[in-house]
Protein chains: 2
Amino acid sequence: MIILSKLADYGVIVAAHLASHPERMMTAGTLAQETRLPRATVAKVLKTLAHAGIVAGSRGAGGGYRLARAASSVSLAEVVAAIDGAIGVAQCSVHAHSCERSEFCPTRPHWRRINEIIGTALSAVTLAEMALAPRAFTAEPAARAAETRAP
Amino acid sequence: MIILSKLADYGVIVAAHLASHPERMMTAGTLAQETRLPRATVAKVLKTLAHAGIVAGSRGAGGGYRLARAASSVSLAEVVAAIDGAIGVAQCSVHAHSCERSEFCPTRPHWRRINEIIGTALSAVTLAEMALAPRAFTAEPAARAAETRAP
DNA sequence: CCTATACCGTACTGAATTGGTCCCATTTTA
DNA sequence: TAAAATGGGACCAATTCAGTACGGTATAGG
């Protein structure tokens, strides 16, 4: 099972790409090319991200997209939530009211805790980090590699 | 967005219910009634859990299901994986080979770390804990109750 | 030995979600 | 005024998923 939808996945990739070129104003077409993702879908994702205030679009000739805020102030949680909606582990995490079992079901508090752990993990990573070239993680051979391999 | 499929959600509920009555041998029908879940679907989930070696079924009159192992030795991660398959955050977490971006995409190592955090969180909770009555969380009146009631 | 019970495996269906595309309006630059 | 680009929809095909149904097999009890 894969947690993120493809759209959210794309969103993160595209946003990270924007983050790694803060100076450039990039069109949906350019972004699609450089990330090797389907163009129309990238355009769709960008609209969603723009709606959420994560990227800012400029219309007209010479227009395109840029991050609306500093890459270091945008978390993965925000990007994912913009596209897939608020995350929740179990049904009752989101549709708590409509759960007939809520009174006697013992699982709820546990799901809530796991929810928070996931939320925290996604909130802890910013687009700035996400945009760091993989080299930054694999270049220094021994120590660093071991560290990232067993976090 | 909800992470677990309904089936996996059901699986956890049913397994936890079995865990809370270790002595009883319960039929699919009984489990469905007591958890207030659709009967046929519960039966389906139980088959999957049996296949994964989490519950053990006994055929024939007087048959039914029981946990195949001690509730304290079965983690949520195991139950969820049995039904929804191995968990992965992004596409590349699971279909790494088919990702054309793998060479230059900087997001991979981050996803991997988040993956592990989620896996750890799910592995840390056992069916024994999951089966603890909500009372165990709300019994102590003031402090405890307030904590669980405002999620 | 026979019957009722209950799991096992699997196939099927209807519905919902999702990835992806397309079109048209609006804005901006040249 | 024309070209370039986002904005905002609607739309479609395909996959996935929840839920059901059915025939087969094993077990207990009389």
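The model is predicted. Chain B can be laid on chain A by a turn of 180° and a shift of 0.0 Å along the axis, with an RMSD of 0.0 Å. The two copies are thus related as by a two-fold rotation axis.

**Contact between the chains**

- The same surface serves both copies, since 93% of the contact residues of chain B recur in chain A.
- In this contact, 43 residues of chain B meet 42 residues of chain A.
- On the side of chain B that touches chain A, two or more residues come from each of α1 (6-19), α5 (91-94), α6 (108-123) and α7 (127-130) of chain B.
- Helix α6(B) provides the largest share of that side, namely ten residues.
- By class, the side of chain B that touches chain A comprises 27 nonpolar, six polar and ten charged residues.

**Surface near DNA strand C**

- There are 24 residues around DNA strand C, and those that come nearest are S5(A), K6(A), G60(A), T27(B) and G57(B).
- Two or more residues of this surface are given by each of α1 (6-19) and α3 (39-51) of chain A, and likewise by α3 (39-51) and β2 (64-67) of chain B.
- The element that gives the most to the surface near DNA strand C is α3(B), with four residues.
- The residues near DNA strand C divide into eight nonpolar, ten polar and six charged.

**Surface near DNA strand D**

- DNA strand D is surrounded by 25 residues, of which G57(A), A61(A), S5(B), K6(B) and G60(B) are the closest.
- At least two residues of this surface are supplied by each of α3 and β2 of chain A and α1 and α3 of chain B.
- Helix α3(A) gives the most to the surface near DNA strand D, with five residues.
- The classes here are nine nonpolar, ten polar and six charged residues.

**The hairpin of chain A**

- Strands β1 (residues 55-58) and β2 (residues 64-67) of chain A run antiparallel and are joined by four bridges.
- Within this pairing, A56(A) has R66(A) in β2(A) as its bridge partner.
- Five residues lie between the strands of the hairpin, where G60(A) takes a positive phi near 80°. G60(A) is also one of the residues that come nearest to DNA strand C.

**Residue S58(A)**

- S58(A) lies in strand β1 of chain A.
- S58(A) counts as exposed because it has 11 other C-beta atoms within 10 Å, and a residue is exposed if that number is 12 or fewer.
- Leaving aside residues up to four places away in sequence, S58(A) touches M25(A), G63(A) and G64(A).
- S58(A) and M26(A) are 32 residues apart in sequence, and their C-alpha atoms are 9.7 Å apart in space.

**Helix α2 of chain A**

- In helix α2 (residues 28-35) of chain A, the residues A28(A), L31(A) and A32(A) are buried.
- These residues cover an arc of only 100° around the axis, so they lie on the same side of α2(A).
- The buried residues of α2(A) pack against α1 and α3 of chain A. Both α1 and α3 of chain A also give two or more residues to the surface near DNA strand C.
- After α2(A) comes R36(A), which has a positive phi, near 60°.

Note on methods:
Residues numbered from 1 in each chain as written. Chains lettered and ligands numbered in written order. Predicted model: local features only at pLDDT ≥ 70, side-chain atom pairs only at ≥ 80, totals over all residues. Near = placed C-beta within 6 Å. Nonpolar A, V, L, I, M, F, W, Y, C, P; charged D, E, K, R; others polar. Pairing = 2+ DSSP bridges. Contact = placed C-beta atoms within 7 Å. Buried ≥ 20, exposed ≤ 12 C-beta atoms within 10 Å, placed from the backbone. Arc of directions from axis to C-beta. Least-squares fit on C-alpha atoms with pLDDT ≥ 70 in both.
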